[in-house]
Amino acid sequence: MDLFRDTFREAAVLIASGDLYTWRTALLSLRISAAAAILGFIVGVPVGTAVALWGPRARTWGAAFVNTGLAFPPVVVGLFVYMLLSRRGPLGELELLFTPAAMILAQFILAGPYVAAITLAGVQQVPADLRLQAMGLGASRWRALWLQVREARGAILAGVAAGFGAAISEVGAVMIVGGNILEETRVLTTAIVLETRRGQFARAMAMGLILLAIAFAVNVAIAHWQQRQPRRIWT
Amino acid sequence: MTTPEAGAAASAEAGSSPAHETILRGEALVRRYGGVPVASVDRIEVRSGEVLALLGPNGAGKSTLLRILAGLERPDAGRLVFRGREVRARDAELRRASACVFQRPYLWSGRVRDNVEFGLKARGVAPEERRRRTQAILDLLGIAALADAPVSTLSGGEARRVALARALVLEPQVLFLDEPTADLDVSIHRRFIEDVERAVRRSRRAVLLVTHLAPEAFALGDRIAVMECGRIVQEGTPEEIFEMPATEFAASFTGAEFLLRGRVRHAEGETVWVDLDTGGSLEARGRVATGAAVRVAYRPEDVVITVSGVEARSSARNRFEMRIAAARAYGSFVRLRLTGPGLTLVALITRHAMEDLGLRVSSIVTAQVKATALHTFETF
């Protein structure tokens with residue numbers, strides 16, 4: 001057990017001493033995954049809302065497709081984005097491969113379905129009669145729809161947090177499209193893989209602890225919003 | 001006998017007064033769900049300054065009809081005419097001129113004030129004016145203290161009031177109330193109805209009230225349309241519906257209590273003497289002050305019928321020589337409509353008694369009601 005004890009101790013020292021390599025990697029991870037989650041929010045909320053408002057049959061199929069997105073294997077998404085951005089791919093001219101932009105795109109594909117799926121569940125939970133009530137007070141259809149989506153904001157926030165959590169902790173896609181280039185595309189997960197292979201357990205552990213802390217913060221946010229939502233006012 | 005046609009004719013007469021101008025009219029409206037008609041109504045009129053109560057059991061199609069009239073649901077057939085202009089579902093002008101309160105409050109999260117201001121915002125009312133009108137309506141409904149409370153902290157009764165305030169603040173030309181008291185406790189229910197009545201009477205707006213509760217319809221309705229299996233089976237004033245329900249269903253539905261309207265001439269302890277609006281007078285029970293406008297409720301089975309000239313052993317002070325104006329049999333009972341000096345009464349006797357006494361329409365009888373069987377309530 002000495003190995004674990006010593007590794008934890010060293011890792012704690014690295015974090016506490018503000019080790020540049022560790023913290024820069026963490027910051028890049030945060031920025032890329034946050035960007036992916038925001039993109040996921042922009043696309044996922046309208047998609048989830050639209051599917052929630054479809055008729056029962058279409059909604060069943062829509063939900064199946066959105067939920068399939070939750071099961072995308074990151075390496076396969078990485079492969080897909082790599083081909084898309086490779087020199088011979090349709091977007092090859094943009095020369096985005098091995099840049100943070102490519103990593104954001106890949107993580108967006110992974111995070112978007114979380115936002116859409118949880119938005120879908122949340123909007124569906126809001127009674128449709130709430131929209132009818134809004135229209136019954138003279139609201140336009142769009143204002144009434146906005147109101148229904150707004151009532152699902154707890155779910156939407158939870159979806160964004162879950163998408164962010166999925167993005168920041170995945171390794172397969174960013175490894176393939178980012179290339180793990182030091183100070184450019186090296187993020188927490190790819191760094192952990194590398195440092196572990198090098199036998200630098202303390203560095204890997206330091207980044208692992210930061211990743212765990214982020215995951216915890218994300219889930220605190222989700223739990224907080226879920227517990228705070230008053231449901232009974234609708235009925 | 002009041003048939004649906006006769007009822008419609010009678011109410012058309014009442015509508016000729018300018019205060020009761022028809023503001024919204026439905027013609028030959030049909031709505032089907034999965035091919036099955038859930039509402040099929042030849043004609044329905046909502047008039048300004050009048051409460052039209054749509055009374056019927058659950059599943060009669062009342063709420064569907066309300067949503068169609070409010071422009072929230074498209075009928076499969078028929079016409080909707082608002083202020084003389086044919087309108088389609090979701091018509092902006094109709095929806096702007098109306099406000100709905102549904103069975104459940106459906107408040108959105110935020111403060112009470114945000115909910116009440118919602119419709120005003122949707123109509124682009126300036127913030128200053130919004131605040132003023134919101135405050136006034138919260139005062140009227142006695143919930144001013146809750147203005148800044150988050151809606152999640154409200155009780156069921158308070159939430160209903162907020163839902164009502166949210167509609168009333170718009171001062172709509174047509175107010176739609178869809179079972180606004182569903183699931184309310186008995187104690188809160190009465191106060192809520194009084195609030196609705198106060199708010200409604202205050203203005204000259206048109207109100208369509210959907211309810212499955214006869215007392216609610218009779219307390220608030222100027223006209224009542226009884227709805228059964230998607231159709232309006234009878235329409236008329238509360239008195240007309242009470243006195244001669246068109247169907248057995250309507251008879252069972254209108255409950256046991258009949259109402260007479262009047263004013264207290266003199267009160268002494270629990271005994272009151274009431275001058276009826278129709279000219280007659282009664283001795284009744286109630287704790288009401290002299291001069292108060294009242295409703296007197298009685299049960300038709302408490303009206304004792306004897307053939308005129310025969311002395312009945314009864315301590316009843318209310319004795320009237322009356323004529324049988326109409327009779328209708330329901331099972332083994334017969335409901336009699338009696339007209340006499342300044343009042344109309346409804347009596348329920350067995351078919352047997354009817355035959356034994358040799359009674360028929362236009363027979364003259366003596367009707368007696370004990371003062372203790374007449375209950376007086378103040379109206380607002």
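Predicted model: local features only at pLDDT ≥ 70, side-chain atom pairs only at ≥ 80, totals over all residues.
# Helices in chain A, sheets in chain B

Colleague: Helix 2 and helix 8 of chain A: how do they lie to each other?

Modeller: Helix 2 of chain A and helix 8 of chain A are oblique to each other. Angles under 35 degrees count as roughly parallel, over 145 as roughly antiparallel, 65 to 115 as roughly perpendicular, and the rest as oblique.

Colleague: At what angle do helix 2 and helix 8 of chain A cross?

Modeller: Roughly 140°, and the axes come within 9 Å. Helix 8 covers residues 153-169. Axes are lines fitted to C-alpha atoms, for helices over the stretch in contact, and angles run from 0 to 180 degrees between N-to-C directions.

Colleague: Which residues make the contact?

Modeller: Helix 2 of chain A brings residues including A:Leu30, A:Ala37, A:Phe41 and A:Val45. From helix 8 of chain A come A:Ile156, A:Val160, A:Phe164, A:Ala167 and A:Ile168. Contact means heavy atoms within 4.5 Å. The residues of this contact of helix 2 with helix 8 of chain A divide into 10 nonpolar, two polar and no charged. Ala, Val, Leu, Ile, Met, Phe, Trp, Tyr, Cys and Pro count as nonpolar, Asp, Glu, Lys and Arg as charged, and the others, Gly among them, as polar.

Colleague: And how do helix 2 and helix 3 of chain A run?

Modeller: They are roughly antiparallel. Helix 2 (residues 20-53) and helix 3 (residues 56-70) of chain A cross at roughly 150°, with axes within 8 Å. Helix 2 of chain A passes helix 3 of chain A in a left-handed crossing. A:Val47, A:Val51 and A:Ala52 of helix 2 touch A:Arg59, A:Gly62, A:Ala63 and A:Val66 of helix 3. The contact of helix 2 with helix 3 of chain A has five nonpolar, one polar and one charged residue.

Colleague: At what angle do helix 2 and helix 7 of chain A pack?

Modeller: About 105°, with the axes 12 Å apart. That makes helix 2 of chain A roughly perpendicular to helix 7 of chain A. A:Val45, A:Thr49 and A:Leu53 in helix 2 meet A:Leu145, A:Gln148 and A:Val149 in helix 7. A:Val45 also belongs to the contact of helix 2 with helix 8.

Colleague: How many helices and strands does chain A have?

Modeller: Chain A has 11 helices and zero strands. Helices (H or I, at least four residues) and strands (E, at least two) are DSSP runs, numbered from the N terminus.

Colleague: New topic. How many aromatic pairs are there over all chains?

Modeller: Two. A:Tyr82 and A:Phe98 form an edge-to-face pair, 6.1 Å centre to centre with 70° between the planes. Rings of Phe, Tyr and Trp (its six-membered ring) pair if their centres lie within 6.5 Å; planes under 30 degrees apart count as stacked, over 60 as edge-to-face and the rest as tilted. A:Tyr82 lies in helix 4 of chain A and A:Phe98 in the loop between helix 4 and helix 5, so the pair ties together parts that are 16 residues apart in sequence.

Colleague: On to chain B. In what order do the six strands of the open sheet come?

Modeller: The order is 6-7-8-3-9-10, and the pairing is mixed. Two strands pair if DSSP finds at least two bridges between them. Strands 6 and 10 of chain B stand at the edges with a single partner strand each, so one side of each has no neighbour in the sheet. The twist averages 15° from one strand to the next.

Colleague: And the open sheet of five strands in chain B: what order?

Modeller: 15-19-16-17-18, with antiparallel pairing. The twist averages 45° from one strand to the next. Seven bridges join strands 16 and 17 of chain B, and B:Tyr330 stands opposite B:Phe333.

Colleague: How many residues lie between the strands in the hairpin of strands 1 and 2 of chain B?

Modeller: Two, and B:Gly34 takes a positive phi near 60°.

Note on methods. Residues numbered from 1 in each chain as written. Chains lettered and ligands numbered in written order. Heavy atoms only, no water. Left-handed = near helix turned anticlockwise from the far one by under 90°.
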